[in-house]
Every structure is written in structure tokens, then in C-alpha cells.
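Subject: the structure, plus some notes

Hi,

Here is the structure I promised to pass on.

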Amino acid sequence: MLFTSYEFLGFLFLFFLLYFIIPKKGQWIFLLCASCLFYAFSGVKYLIYIGCTTLSTYLVSRRIEEIGEEQKAFIQQKKGTLSREEKKAYKASIKKKQWNWLLFCLIFNFSILAVCKYANFAISNINSILRLTKSDVVVPFFSVALPLGISYYTFQMMGYVIDIYRGKYLAEKNLGKLALFASFFPQLMQGPISRFDDLSETLFSGHSFDIKRVSFGLQRILWGFLKKLVIADRILPAVNTIIRNPDTYQGIYVLLGMLFYALELYADFTGGIDMVIGIAEVLGIRVKENFERPYFSKSIKEYWNRWHISLGSWFTEYIFYPVSVCQPMLKLSKFSRSHFGEAVGKRIPVYLATILVWITTGIWHGAAWNFVVWGLMNCIVLLISQELQPCYRWFHKKFQLEGKWGFRLFQVVRTVLLMSSIRMFDCYRDVPTTFRMFFNMLTYYNWKEIGVQEMLGLGITAADYGILVMGTVLLITVSLMGRSGSVREKIARKPAAVRFFIWYGLFLAVLLFGAYGEGYDASQFIYNQF
Amino acid sequence: MERKKGFIRIGTILAVIASFWFLQRLFMPKYMGKVIDGALIAEYYQETTKHDVIFIGDCEVYENFSPITLWETYGITSYIRGSAQQLIWQSYYLLEETLHYEKPDVVVFNVLAMQYNEPQKEAYNRMTLDGMNWSLSKLKSIQASMLEDEAFLEYLFPLLRYHSRWNDLTKEDWKYIWKKDKISHNGYYMRVDVKPSTGAPPAKKLANYEFGSRAYQYLDKIRLLCEKNNIALILVKAPSIYPHWYLEWEVQIENYAKKYGLTYLNFLELSEETGVDLQVDTYDGGLHLNLSGAEKLSVYFGKILAEKFHIADHRGEAEYEKAWKEKVLFYYDKKQEQLLAWEKEQTESASTVDDP
């Protein structure tokens, strides 16, 4: 059930209606039932997958906590009788037990994800190797459908169990509540990947109907619809025309396609997240922001701190830090320091952890080499820019560029172009083609070939371009306004007539200019695929 | 103060609803230009008198029978409830709906519609369904007609379907926003121009010549509905030479008519009796009849209605005379208008040919 489908709107309408009618105490149970129903629309059998993840996470997290409690009780019981060494050895054995449970849970759940999402990728690579060795053996592909939102809920639940292992918070004792955390329907399809301590605070409590909150939530949903239907889905035909015909659309068209895709992806993904946060807001549930005006970033590092924030922080917290400070890494660092010097030794753990993070980020996005290379390209650019920081600083100081408006604009444009270039791996979905088109863009100068007729030949009309320009201007304006506080709050302070015309105008824009219904392909959200 | 606020709120809500209603009227196609087929269905609701005969079907009825001729020649009152590529279930539900307004003596159904067992095109669905007044029959017709990618909600709120027309709006859309011109003559689509037939393209071989089960199911429903209401059902095949009418189809319809004691008239085989000559009586090479052809066919068919089905002659009855007088005037006005336009066109094209 797509967020932009009539079915979903009908589902949502009924859901909102009933949510505020039923007693507050039962709201979370109702939400769980609605989430299961929503999930079942994608296939009842998929409930088994999310059910397995929920149950295994629940049992393991409870076991880990029990072991911890046993330890506390044991130490309390033996207080004064155990030596420091004995206590340390006992704690280590307990930690080991907890670790084993955690490892089991991680392996079990990531195996489900691997089989569903990555088995055929692995098989295809094995077959390629077999072909190279002239072998007649062909490994058959695995026929398994990808359960809805598996990457999102698996990562979310594994984050939860790791947090329990780390003792960050107590394990949830109610299986139903944990199931709701895993399956909370608005964020099931495209995130954000929430943390239990962030979400549970409002997810399980009762909420009364608050007109301001509900209005704000609906406004956010409307804004998401505008981004998705008026901008992302309207530019989609032009993006597809350019990307699917790399032999026809070269040079300047590659640049155009790259920028169009940047706009489409932003409008699509942030639009989807706006809907998620808006739906949650109507219900009284706080979901953390996943974007912070990423296209205003002045560097790639900053960009990644502002784009898909929940995924970035997941990888940082659960992969980057543990990997860079794990025992083998520390040993390697020590070895490097002694053999290659302080500078190299210091960098090795960071570099290796960064590479690992970006490979996994790439693979998380999709089971294909283009995503792996995309991840690595991000990693290379990040590491290079990190290494060049002293040079940058010297340059900025020498030419007194820091803080200057023009230079800031240059940095923003540079970051957008750089990110869009890397994203070509996502566009063309094929590594050699992406490299070919990238170099083609830099070396094939056909600026004069592009004209009005050529632009109209990309599958969108002059009126579509008009809407896209207006939509983009609106996006930028709202983003700029958002820097000094909530735009909705600002609008809410305006006189009633102004408020009415703003929201009515926005609704009309979606209604009339949205690319939906007969004659338009119902395009699913790009991040649903991940 | 609170009361004032309440009034403002209610007023705003009403204004919003009114604006959507206005936009919906504006955006919906008017079918007042070159394509008028989509405006036919809705005109029925303006009728003030009842009808002896109701035709249901696609262009095989609304372009081939002239109710005005039936009236003028036999005093038979009739109406054609037809639209482009009207599917058999749409005809059934239109008939069901019509029976809520009136009970005719005869229903005429064109059997070429039996060729379709599944919904075909959204555009044709819209032409039939958008024009219907809201009723249970319309709901059922929508359910039966929707293609896989169509949504019921878009029928309920057509603005959702036509929202993208903001860029295609023409003067026509503004002009006919509240009221449309009358374009049919009791459902008949008049054309006076002539384009002689040069023969039909060769018939395509079909994988299966058996009419579909769904088509039969609705033919049964039409028959049973007529039986239940004591209405005589006549099956007709218009004298159009394209789409091809296969012998296998003919046999099936003949058998069906025989089985249930229905009258079946295949006008393709009655050209001598009707006098229809596709060299002069068609405006598109034999697909549809022009006015001359429709009048000939109606004169022949009216005789059957009057003699075999004993349809009363209403001429001289004040109520009918009043209503039909206007229709006849409109008919001849339009006929004259079209004839003049066509003659002008002919003269212009002749001068273009003569001019070296």
C-alpha cells in the first residue's frame, strides 16, 4: 500500500478516526493491530519475517537482561566474599554469555536479511566467477520475495538489542510493545530508523486529540504530498528518459539528468519522511527528523550529517565506533604506530572503520555492485577531504574566504554537484556505465544541442517545467525559512485568512498539479526499495 | 463572538466545498467539440415525456436509428441510451436505471457489444459512466467496468481523475461549465455528410469465436429484466460493415434468440428491405450510417415496431405533440445547418482540386 494511494488515504482516515475514539490505554494496541494490517497488505506471509525478528529480539534482549540481573544478584549475594579478580573474572564470563546471545541474535536476523536481500546478489557473483573459470556449473537463483521494510526494521531492532547489551536502557517486557516498535506502520517503509529510547516515550502512551498537534501533523503530511506528487513524480519521466538512454543522452544531458535526479530524490525521500513524521505527529508520537536541509551543506561530511540522519547515526554508533575501538583494531593501530609512525597508526583504525561503514551503507541501499562502489566513492571523497583539511584551512585563511557569502554559496553548489556525481551510481545502476557517463559529461561538450524542443523531448511538457520551477522555488524558500525555526509555527502566527489561503493553496496545488491518478504511473518511493 | 466565529468556520467549509465543486465542473470534459459521444448519456435526464422504445448500446444504435423519423413516420416515441463502445454491462445498468424513470414497451439492444467480455478503455468507460446520474445502477456499472488501474474514488470525485486537465482547459470548458448545448436527437448523433464505402478491411482471424461468459451473463440479465417488466426485447445488428460481424457470432445470436423467442434483426442481411446503400448512406465508409441511412433504417424498423409489436401512435396526443414539436424543429435546424456546412466544405474542396 503506497502512501500516495487512495487505499492508504482511506486506511489513514479510518485509522485516525478510530485512534482518537478508543480509550487512550488501548491506543498502542490499536496501533499495533493497524500496523500488522498495513503490513499484511504487502503479503500476509511477510508477517512471519517481521514476527521472527521481533520474537528473537524480544527473547534475546530479555535473556541478556536476565543474565545481567543474575550477575547483580550474585555479586550482591557474594558481597565481601569475592576477591577483585574473582569478581572481574565472573563479570567477564557474564559479559561473554551476553555477547554470545547478542551474537546469536545478530547472526540470526542479519541472516534473514542476507537471504532475502543479498542471496541472489551473491549467487550472481558466484556464477560470474564460475563463468570466468569456464565452469559449466550454474548456481540457480533463489526465489524469495523481499519483505516490506526489512532493512529498516532489522536495523532498528538490532540497534535495540545492542543497546540492551550495552545496558543503555532496560529491555521491553511487553512483547506487543516491542512488536509495535518494530512494525510502527508509518516508518516501516522508508524509515527513519528510530531508537527505542527516542520512540518508546511517546509510542506507547495514550494521546488525546489536540487540535494544534493534529493540524500540524496534517500540514506536514500535505507538505510531503506536495514534494512527492508535485515535484518528484513530475520530474520522474525526464530522469528516466535520460538515464535509460545513455547512448542518446550524453554530455550536458548527463549533467541535467544528475541534477534532475538530485531534485527527484530529495523531494521523494524527504516528502516520504514528512508524511511519516506528519502521521506520527497527528497520533501524538514523536519521530526524530531524518533531514536537516542537506542541500545547504558546505561539505560532504556535513551533508552526511544532514541526510538520512538516522541511518548515518546507526552506522556510526553500531559499526564505526565499535570497530574502531575493538581489540584487534587497537592492536593493529599499536603495530602501525610502532612500524609506520604516529600519523599512520592513528589513522588506520579510523580509515578501516570508515571503509567498512561505507561498504555496508552501500550494501544496505541495494544488493548490487553499483551501490558498493557508490559507498566506496563516498568514503574516498570523505577521507580525501579529511586529509586535505589543513590545506583548505590554509587556503581559506590566505584568501580570507571564511564566512563570505559568495564562498559559502560556492561550497554549497560544490557539495551538491559532488554528491550528485557520486549518486550517478544510483542512477545508472551499473558501474561501467556510470564511469562512462561521468567522463562523457566532463569531456563531451554539447551545450548547443540543448534547446526548448530537446527539453520537451524528455517526456515532460512546458507546463511541467513551470510547475517544477515553482515547486523548487517553494522548496528552497521553505528550507531557508526553516533555518530560523519551524515554518508551521511561523504560519500559525499569521492571521486566520492568511493561514487559510496558504494551506488551501497548498492543498489545491497537490490536488491539481500532483502527478497521480489515471495517466500517471504510481511511482513508489525510491527509499521503499532499500 | 463565538457565534460569529462559528459562522465564519461554517462559511469557510462551504466555500471550500463549493470551490472544489466548481473546479470539478470546470475540469470535467464537456464533449461539446469534435468528440461529442461523452455528452449523450446525460441528455436523457432532460426528457419530459415517456418512451415506447428504448435503444441501448454503442454507436451501432446511436448513429444508426433516428427517433425523430420513428416519431414522424409512426408516432413512436423512442430514446437511445448509448455511448461510444458502450459495454454490455453498461447497457444493462443503463436499462436498469432507465426503468426507474419509465417502462417502455420495447428495448432494442445491439448485439455487436457481445464481442467484449472485459472492460476495454478507460476513456470509453468515462463517456458512459460520467454522464449517468448517481444511482445504485451507476455504482454497479462502475464496479463492473473499471479497469485494473482505475479507482472508484475517481468516479466518485471526478476532479481526482481530471485534475491534470488544468493545462488543457479551453474556452469550451469555461463556456459549458454550467450548461451544455443539446447535441443529440433523443440520443441520436446526427451526421449528414457522405463518405461512400470502399469495403471493409479483411476480417481478422480470432482465437475463439465464442462470446464470453460475462457477455452472455449480461445478455441474460437484460433478457430477464425485460421479462420481469413485461418488455419485449429486440436484438439488432446494425448494417455497419466494420467491425466485422463473424458468421460464428451470427449463429450464436440466432440460436440465443431462437432459444428465448426473441426477435433478432441483422440489418446487414436486410439491405434490400431497408434500402440502405453504403455508397450514399454512410459518412465514414460503412462504419456508421449518416442521416439518410438512419432515416431509411428507422422507417423500416418502425414498421416492425408498429406492426409486430403494436406500438401505439402518439401523434395527436397533446403532451407528446408539444414535446416532440420542439425536437423535430431542432432536428431540422441541425440537419439544415449540417447540410450547409457540408456543402460549403464540398465546394471548398472542389475549388482546391480545380485550383492548379
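Predicted model: local features only at pLDDT ≥ 70, side-chain atom pairs only at ≥ 80, totals over all residues.

Residues are numbered from 1 along each chain as its sequence is written, chains are lettered from A and ligands numbered from 1 in the order in which they are written, and side-chain values use heavy atoms, with hydrogens and water left out.

Salt bridges

Over all chains, the structure holds 37 salt bridges (a side-chain nitrogen of Lys or Arg within 4 Å of a carboxyl oxygen of Asp or Glu). One of them pairs A:Lys212 with A:Glu489 at 3.2 Å, N to O. That pair ties together distant parts of the chain, 277 residues apart: A:Lys212 sits in helix H8 of chain A and A:Glu489 in helix H21 (residues 487-492) of chain A. Helices and strands here are DSSP runs numbered from the N terminus (H or I with at least four residues for helices, E with at least two for strands). A:Lys212 is partly exposed because its relative accessibility is 43%, and A:Glu489 is partly exposed at 28%. For the cut-offs, buried means under 20% relative accessible area, exposed over 50%, and partly exposed in between (1.4 Å probe, protein chains only).

A:Glu387 and A:Arg347 also meet in a salt bridge, at 2.6 Å, N to O. Here the partners are 40 residues apart, with A:Glu387 in helix H14 (residues 369-387) of chain A and A:Arg347 in helix H13 (residues 342-365) of chain A. A:Glu387 is partly exposed at 31%, and A:Arg347 is partly exposed at 32%.

In chain B, have a look at B:Lys30 and B:Asp173, whose side chains form a salt bridge of 3.2 Å, N to O. B:Lys30 lies in the loop between helix H1 (2-27) and helix H2 (40-43) of chain B, and B:Asp173 lies in helix H10 (residues 171-175) of chain B, 143 residues apart. B:Lys30 is buried, with 2% relative accessibility, and B:Asp173 is buried at 0%. There is also a network of salt bridges with shared partners, made up of A:Arg220, A:Lys227, A:Asp274 and A:Glu289.

Surface patches

A nonpolar patch on the surface is formed by A:Leu332, A:Phe335, A:Phe340, A:Val344, A:Leu352 and A:Ile355, with about 490 Å² of accessible area together. Helix H12 (327-340) and H13 of chain A are the elements giving two or more residues to it. A:Leu352, in helix H13 of chain A, is partly exposed at 38% relative accessibility. Patches take residues with over 30% relative accessible area and no salt bridge, joining like charges within 9 Å and nonpolar side chains (Val, Leu, Ile, Met, Phe, Trp, Tyr) within 5 Å. The areas come from the Shrake-Rupley method with a 1.4 Å probe, and for residues only the protein chains shown count as cover.

Polar contacts

These are pairs of N or O atoms within 3.5 Å; within protein, one must be able to donate a hydrogen and the other to accept it, and residues adjacent in sequence count only if both atoms are side-chain atoms. The side chain of A:Ser215 reaches the backbone oxygen of A:Ile211 at 2.6 Å. A:Ser215 belongs to helix H8 (residues 211-244) of chain A and is partly exposed at 26%. Its C-alpha is 7.4 Å from that of A:Val282, 67 residues apart along the chain.

A:Thr270, in helix H9 (residues 252-283) of chain A, is buried at 3%, and its side chain reaches the backbone oxygen of A:Tyr266 at 2.5 Å.

Most residues other than glycine have a negative phi, and most peptide bonds are trans. The peptide bond from A:Gly191 to A:Pro192 is cis, with omega near 5°, and another cis bond joins B:Tyr242 and B:Pro243, with omega about 0°. A:Arg429 has a positive phi of about 55°, and B:Tyr31 has a positive phi near 55°. B:Tyr31 is in the loop between H1 and H2 of chain B and is buried at 13%.

Cheers
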